[in-house]
Amino acid sequence: MAFSITTHSANNKAKCKAEKPKRDRKRSGAFRFAPQIHRSYFQSLQGCRAFAVAFKMSYGSSSLGSGSKNARSFEFGRTHVVRPKGRHEATIVWLHGLGDNGSSWSQLLETLPLPNIKWICPTAPTRPVAVFGGFPCTAWFDVGDLSEDGPDDLEGLDASAAHVANLLSTEPADIKLGIGGFSMGAAIALYSATCSAHGKYGNGNTYQVNLSAVVGLSGWLPCSRSLKNKIEGQVAARRAASLPLLLCHGKGDDVVLYKHGQKSAEVLTSTGFQNLAFKTYSGLGHYTVPEEMDDVCKWLTSKLALDGSHS
């Protein structure tokens, strides 16, 4: 696997500070997590090409891949790693939204008061995206509608879920593992949660990562129509019931509408994901704010039983 990893640590702290997300002047305290796509993905059409993949990994070589000789080859971009400032207790792969890259979220995550978490922020492949009329952009899967109602690109979903699982598979056995994401990244995080409960990817291959927490911000649940059929049997039901999920959504979101986030939470709960929290934010659009990230920090600290120590 030849993919590039950029690490944030105490040694390059000055660099990280210079690259931290700016505040949104229009909304006091709001993080500008991705300048190119701050309010709407459609503002990023001219900027997507700037995210062309420089350091690549062939998905076709992954042991967690589809196994099909005719499967598409997915080439993932640069992976950014934020090292824990304290004792390493958990590792979370955090996934960006459509048209973004792993760097912007790594800069924000580096500022959070979670010293015991290692963050891994990969970059999605650059591919034609149907919602943009086939314009190439960084995307975890192809999408024609930013909701659970659109057609599902099962091959793309499995490829990205497997890439995330590969990144987590090398972590020490005593480290708790999680996945989080924003928008399309949240969709992959929630899809991975269903694969974890089912024990399989959509293509039938075994899902081998034991997840301890999943977070989705401003996202939706792919393959929701077939989820009930996946969570069958005592083993899958037990996994679903025990997996902590946090979904957050702004009521002012005009990109992934609030109703889609709400419906995703309802579908997950009704199919057996009983340990699910759904938080809403009045007036919040398709971006994040300190209040939301504070809720994420508190939830992760509680669910992962983090001690918060720096030593």
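**View 1. Lining of the second largest cavity in the predicted model**. L190, G216, G219, W220, L247, C248, H249, G261, S264 and F278 line the second largest cavity. Strand β13 (245-250) and helix α7 (258-270) are the elements that give two or more residues to this lining, and β13 gives the most, with 3 residues. The lining divides into 5 nonpolar, 5 polar and no charged residues; Ala, Val, Leu, Ile, Met, Phe, Trp, Tyr, Cys and Pro count as nonpolar, Asp, Glu, Lys and Arg as charged, and the others, Gly among them, as polar. The volume of the second largest cavity is about 40 Å³. A cavity is a set of points on a 1 Å grid over the protein atoms alone where a 1.4 Å probe fits but cannot get out, and lining residues have an atom within 4 Å of a point.

**View 2. Helix α8 (residues 290-303)**. At 1.5 Å a residue, the 14 residues of α8 should span 20 Å, which agrees with the 20 Å between its end C-alpha atoms; the expected span is 1.5 Å times one less than the number of residues. Helices are DSSP runs (H or I, at least four residues) and strands likewise (E, at least two), numbered from the N terminus. E292, M293, D295, V296, C297, W299 and L300 are the buried residues of α8 (under 20% relative accessible area, 1.4 Å probe, protein chains only). Just after α8, A305 adopts a positive phi of about 50°.

**Notes.** Residues are numbered from 1 along each chain as its sequence is written, and side-chain values use heavy atoms, without hydrogens and water. In this predicted model, local features need pLDDT of at least 70 and side-chain atom pairs count only at pLDDT 80 or more, whereas totals for chains, interfaces and linings use all residues.

Technical notes:
Buried means under 20% relative accessible area, exposed over 50%, partly exposed in between (1.4 Å probe, protein chains only). On a 1 Å grid over the protein atoms alone, a cavity is a set of points where a 1.4 Å probe fits but cannot get out, and a pocket is an open set with protein on both sides within 12 Å along at least five of seven lines; lining residues have an atom within 4 Å of a point. Grid points are joined across faces, edges and corners, and a volume is the space filled by probe spheres set on the points.
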